[in-house]
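Here is a short report for a reader meeting this chain for the first time. Please look over the sequence and the model, then read on.

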Amino acid sequence: MLRYTLMRLGIFVGCLVVVWGLVYSGVAPRGLGDSNGMWIVLLSLLISAPISFVVLRKERDRASIQVAERVDRMKSNLDANRNQEDGADDAARAQGDQAPQAS
C-alpha cells in the first residue's frame with residue numbers, strides 16, 4: 001500500500017511541475033488574484049487522478065489483494081478467539097451444572 005501511495009504521489013508531483021510550468025509560461029490560464037497557487041494544485045489533482053487510475057491499475061489491484069488477505073486473516077483470528085471463549089464458557093457452565101447441590 002505504501003508503494004502505491006508513493007507512486008500516486010509521484011504522479012501528482014509530476015503533474016504539479018508540468019502545470020506550474022504551463023501556467024507560468026502562459027500556455028494555461030492563471031488563477032484569479034492571489035488564487036494562482038490553489039489553481040495550480042487543483043488543476044494538478046484533476047489531471048493526476050485519471051492518470052493514476054489508468055497507470056496504477058495493476059499496483060492498485062495488488063494492494064487491494066493484500067488488504068483483503070489481511071482482513072480475512074483478522075476475521076479468522078477473531079472467529080478463533082470467539083470460538084475459544086465460547087468453548088471455555090460452555091466448559092465452565094457444564095462444570096457448574098454437575099456440581100452437587102447443597103440441601
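## Contacts and overall fold

Two residues are in contact when heavy atoms lie within 4.5 Å. In this predicted model, residues 24 or more positions apart account for 65% of the contacts with a separation of 6 or more. The chain has three helices and zero strands. From the N terminus on, the order is α-α-α. Helices (H or I, at least four residues) and strands (E, at least two) are DSSP runs, numbered from the N terminus.

The model is predicted, so local features need pLDDT of at least 70 and side-chain atom pairs count only at pLDDT 80 or more, while totals for chains, interfaces and linings use all residues. Residues are numbered from 1 along each chain as its sequence is written, and side-chain values use heavy atoms, with hydrogens and water left out.

## Surface and burial

The accessible surface of the chain comes to about 8,200 Å². Carbon and sulfur atoms hold 63% of that surface. Areas come from the Shrake-Rupley method with a 1.4 Å probe, and for residues only the protein chains shown count as cover. Buried means under 20% relative accessible area, exposed means over 50%, and partly exposed lies in between (1.4 Å probe, protein chains only). Of the 103 residues in the chain, 17% are buried.

## Helix α1

Helix α1 covers residues 2–25. How far apart are its end C-alpha atoms? They are 34 Å apart, which agrees with the 34 Å that 24 residues should span at 1.5 Å a residue. The expected span is 1.5 Å times one less than the number of residues. Buried residues in α1 are Tyr4, Ile11, Phe12, Cys15, Val19 and Val23. Gly26 follows the helix, and its phi is positive, near 95°.

The structure holds one aromatic pair. The rings of Trp20 and Tyr24 have their centres 5.3 Å apart and their planes at 50°, so the pair is tilted. Rings of Phe, Tyr and Trp (its six-membered ring) pair if their centres lie within 6.5 Å; planes under 30 degrees apart count as stacked, over 60 as edge-to-face, and the rest as tilted. Trp20 and Tyr24 are four residues apart in helix α1, about one helical turn. Trp20 is partly exposed at 49% relative accessibility. Tyr24 is also partly exposed, at 41%.

Helix α2 covers residues 36–55. Ser44 lies in this helix. Is Ser44 buried or exposed? Ser44 is buried, with a relative accessible area of 0%. Beyond its neighbours within four places in sequence, Ser44 is in contact with Phe12, Cys15, Leu16 and Val19. Phe12, Cys15 and Val19 are among the buried residues of α1. Gly14 is partly exposed, at 33%.

Ser52 is another residue of helix α2. Ser52 is buried, with a relative accessible area of 1%. Beyond neighbours within four places, Ser52 is in contact with Arg8, Ile11, Arg57 and Arg60.

## A nonpolar patch

Leu46, Ile47, Ile51, Phe53, Val54 and Val55 make a nonpolar surface patch of about 560 Å². Patches are made of residues with over 30% relative accessible area and no salt bridge; like charges are joined within 9 Å, and nonpolar side chains (Val, Leu, Ile, Met, Phe, Trp, Tyr) within 5 Å. Leu46 sits in helix α2. Leu46 counts as exposed, at 61% relative accessibility.

## Salt bridges

Side chains of opposite charge can pair when their charged atoms come close. A salt bridge is a side-chain nitrogen of Lys or Arg within 4 Å of a carboxyl oxygen of Asp or Glu. How many salt bridges does a search of the whole structure find? The search finds two.

Glu59 and Arg3 meet in a salt bridge at 3.7 Å, N to O. This pair links distant parts of the chain: Glu59 is in helix α3 (residues 57–98) and Arg3 is in helix α1, 56 residues apart. Glu59 is buried, at 12%, whereas Arg3 is exposed, at 52%.

Arg62 also forms a salt bridge with Glu59, with the closest N and O atoms 2.7 Å apart. Both residues lie in helix α3, three residues apart, about one turn of the helix. Shared partners join Arg3, Glu59 and Arg62 into one network of salt bridges. Arg62 is partly exposed, at 42%.
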